[in-house]
Amino acid sequence: MYFQLRKLILWPRHDGAPRIVEFHPGVVNVISGASKTGKSAVIPIIDYCLAADKCAIPVGVIRENCHWFGVLIDTIEGQKLLARREPGDQQSTSDMVMIEGDEIEIPDRIVEKTHTAATVKAMLNRLAGLTNLDFEPDSESNFKSRPSFRDLMAFTFQPQNIVANPDVMFFKADTTEHREKLKTIFPYILQAVTADVLQARFELDRLNRLLRRKENELRALMSAGNAWRLEAQSWLRQAVEFGLLPSQQVIPTEWAEIVDLLRAIVEGNSDAAHPKLAGIDAALTRLQELRTNETGVAAELTQLRQRLSELRRLIDSSDAYGSALRIQRDRLALSDWLKQLSSADDPQDPVALLADGDRDKIEQLSAALGALEVRLQTHPTVSDTLDKEVLRLRGTIESVLVRLNEIRQEIGVLERNSVEAKQAIDRFDRMERFLGRLEQALLLYDRTDQSAGLRQEIDSIKQQIEELQGRVSETEIARKLRNAIDSIEATTSRLIPRLDAEWPDAPVRLMIADLTVKVIRGTRDDYLWEIGSGANWLAYHVALTLALQWFFLDLPHHPVPGLLIYDQPSQVYFPRRTAGEEASDPVSWRDEDVVAVRKVFSLLGQQAIAAGTRLQIIVLDHADEEVWGGLEGIVLAEEWRDQALVPYNWLR
């Protein structure tokens with residue numbers, strides 16, 4: 001992925017021009033400076049502007065004096081300015097600005113956000129060409145979620161606490177979340193697992209679930225069909241007993257003939273096989289008529305009872321309404337009494353002393369009482385008018401009920417007196433049930449007979465699964481992964497002799513399960529954390545990160561950015577000092593330490609040039625040009641001795 005850093009921008013919290021640090025593409029850019037000038041904040045600032053979940057920019061001078069942070073990057077789509085607001089007391093903020101174009105001019109100030117961290121992350125995922133598929137179907141683990149541009153930073157950043165760390169080889173691999181996710185994505189990054197393989201895994205999972213469902217359907221059909229086949233001949237014998245087949249019918253043995261004969265029974269006119277009632281007993285004819293009459297009379301009785309119930313509810317409602325009116329009349333009768341008192345001539349009566357307004361109110365109450373009396377007089381007595389209808393309905397119901405009882409009594413007599421009638425009735429009922437079961441059994445057989453199509457579906461699914469299994473073969477994935485690791489190990493082993501390693505000729509093994517390397521020395525295989533000396537740790541970190549970049553660059557459209565940033569690689573030789581401070585430092589620098597550091601810078605410069613502008617390397621270090629000066633492929637981006645990342649005039 002062509003991705004190179006052109007500018008690092010800081011916008012002040014107060015008025016003033018932004019601070020811009022410029023970088024050159026395709027070479028090693030060195031920012032040399034003293035301690036506490038902000039070198040170690042460069043990686044966290046870049047990481048934060050690339051949509052990191054949390055802000056790791058050191059608190060204090062930088063965050064107190066900067067309002068926005070930004071990076072200008074070169075991509076295959078042109079330049080992109082990504083800026084993010086300083087989060088204040090929060091761990092991070094999603095407020096971001098994204099500007100895209102061929103050549104972007106850095107704005108003097110940023111007023112408000114235009115995008116969010118999520119949209120910027122989505123843009124970076126798209127730019128890297130990462131798949132949208134998770135590594136495992138229906139996985140609830142974040143470790144198995146889709147690869148993200150954020151995961152690729154493990155191969156780009158080597159901060160001060162990582163660059164010579166014996167226990168941690170990759171950026172943020174010291175946390176469980178990032179370490180497990182990095183193990184998951186490694187086969188994808190090394191192209192052993194591709195987007196096509198992930199898609200095939202999802203399709204394979206879907207087809208396996210579909211296959212299980214189809215096979216269960218087939219087993220159910222076959223189980224029911226086999227059970228029914230065992231009973232098929234007994235169905236034919238029952239048909240002979242019921243008269244649905246002639247008594248001389250020969251029961252076939254061939255399955256096709258059995259099915260055809262059963263279909264003929266269901267599709268034929270079963271009424272023709274029923275014994276005629278008139279030919280059995282005259283009582284059966286009468287019994288059939290009585291059954292019909294019983295049904296009609298019972299329905300009539302139900303209707304009459306329902307109508308009587310409705311009339312009773314109507315009468316009850318009318319009585320309740322009249323009672324409510326009478327209660328209102330009794331309450332308003334007080335006004336009539338007061339009116340009589342107010343018209344009395346007794347001067348000692350207190351009612352007679354009422355004011356004119358109060359007398360008017362009594363008059364109003366009396367008028368309301370009079371209106372209510374009129375309503376009571378005109379209210380019809382519904383119960384009186386409906387009594388005749390209620391009595392008529394009761395009489396009708398009683399007569400219908402008597403008729404129904406007479407019919408049922410006669411039915412009971414006929415059934416008790418006619419054994420043949422009872423047997424015929426039972427026979428009819430059993431025959432109808434038999435025909436119903438037979439028809440349902442044939443429907444089930446038809447479904448079973450359709451199993452040929454279901455078998456074809458299953459065979460087709462199995463064929464698709466077999467093809468997909470070839471694409472997601474774990475053996476093939478392991479082979480590709482081993483080839484990729486062999487290539488990276490070979491490059492690492494080729495680069496190690498050019499650094500200050502203790503065993504330059506010892507083969508190196510990349511251990512993805514442990515996210516580290518092993519050094520093979522004779523009969524010993526030593527993990528990096530089992531090897532002493534910071535010089536060894538630094539050498540393997542530099543060699544492996546460069547080897548990985550070469551592997552990525554050899555593949556077309558690889559998602560990992562062609563960018564490496566090392567913070568303080570010389571710390572194992574020049575802790576907290578620079579080579580330029582020799583005169584004032586009581587400890588003199590050893591020549592072998594300078595040679596060792598120059599080896600690191602020389603290798604970085606040579607690899608940047610060999611990559612042909614596709615790889616950009618940034619080194620943040622104490623060492624000045626007296627250590628790495630004159631080496632090919634290395635340029636000084638800035639020197640922070642009389643200045644720092646944050647301008648001194650911003651400090652308040």
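This is a predicted model: local features need pLDDT of at least 70, side-chain atom pairs count only at pLDDT 80 or more; totals for chains, interfaces and linings use all residues.

1. Residues are numbered from 1 along each chain as its sequence is written, and side-chain values use heavy atoms, with hydrogens and water left out.

2. The protein has 16 helices and 14 strands, these being DSSP runs numbered from the N terminus (helices H or I of at least four residues, strands E of at least two). Of its 652 residues, 45% are buried, where buried means under 20% relative accessible area, exposed over 50% and partly exposed in between, with a 1.4 Å probe and protein chains only. Among contacts with a separation of 6 or more, 71% join residues 24 or more positions apart, a contact being heavy atoms within 4.5 Å.

3. The largest pocket holds about 580 Å³ of space, and of its 23 lining residues Asp 53, Arg 150, Asp 151, Glu 177 and His 178 are the closest to its centre. A pocket here is an open set of points on a 1 Å grid over the protein atoms alone, where a 1.4 Å probe fits, with protein on both sides within 12 Å along at least five of seven lines, and lining residues have an atom within 4 Å of a point. The volume is the space filled by probe spheres set on the points. Helix H4 (residues 176–189) gives the most to this lining, with five residues. By class the lining has ten nonpolar, four polar and nine charged residues, with Ala, Val, Leu, Ile, Met, Phe, Trp, Tyr, Cys and Pro counted as nonpolar, Asp, Glu, Lys and Arg as charged, and the others, Gly among them, as polar.

4. The second largest pocket has a volume of about 480 Å³, and its lining has eleven nonpolar, nine polar and three charged residues. Ser 35, Lys 36, Thr 37, Gly 38 and Lys 39 lie nearest its centre, out of 23 lining residues. Lys 36 sits in the loop between strand E3 (28–33) and H1 and has a positive phi near 60°, although it is not a glycine; because its relative accessibility is 88%, Lys 36 counts as exposed.

5. In helix H1 (residues 42–49), by contrast, eight of the eight residues are buried, among them Asp 47 and Tyr 48. Ala 51, which follows H1, has a positive phi near 70°.

6. In the largest nonpolar core, of 136 residues, Phe 155, Phe 170 and Leu 190 touch the most other members. Helix H14 (residues 534–553) supplies the largest share of this core, 14 residues. Such a core is a set of buried Ala, Val, Leu, Ile, Met, Phe, Trp, Tyr and Cys residues joined through side-chain atoms within 4.5 Å. Beyond its neighbours within four places in sequence, Phe 170 has contacts that include Phe 155, Phe 186, Leu 515 and Leu 544.

7. Ala 501 lies in the loop between helix H13 (474–495) and strand E9 (508–511), and it counts as buried because its relative accessibility is 13%. Its C-alpha is 6.4 Å from that of Ala 535, which is 34 residues away in sequence. Leaving out residues up to four places away, Ala 501 touches Ile 496, Asn 536 and Ala 539.
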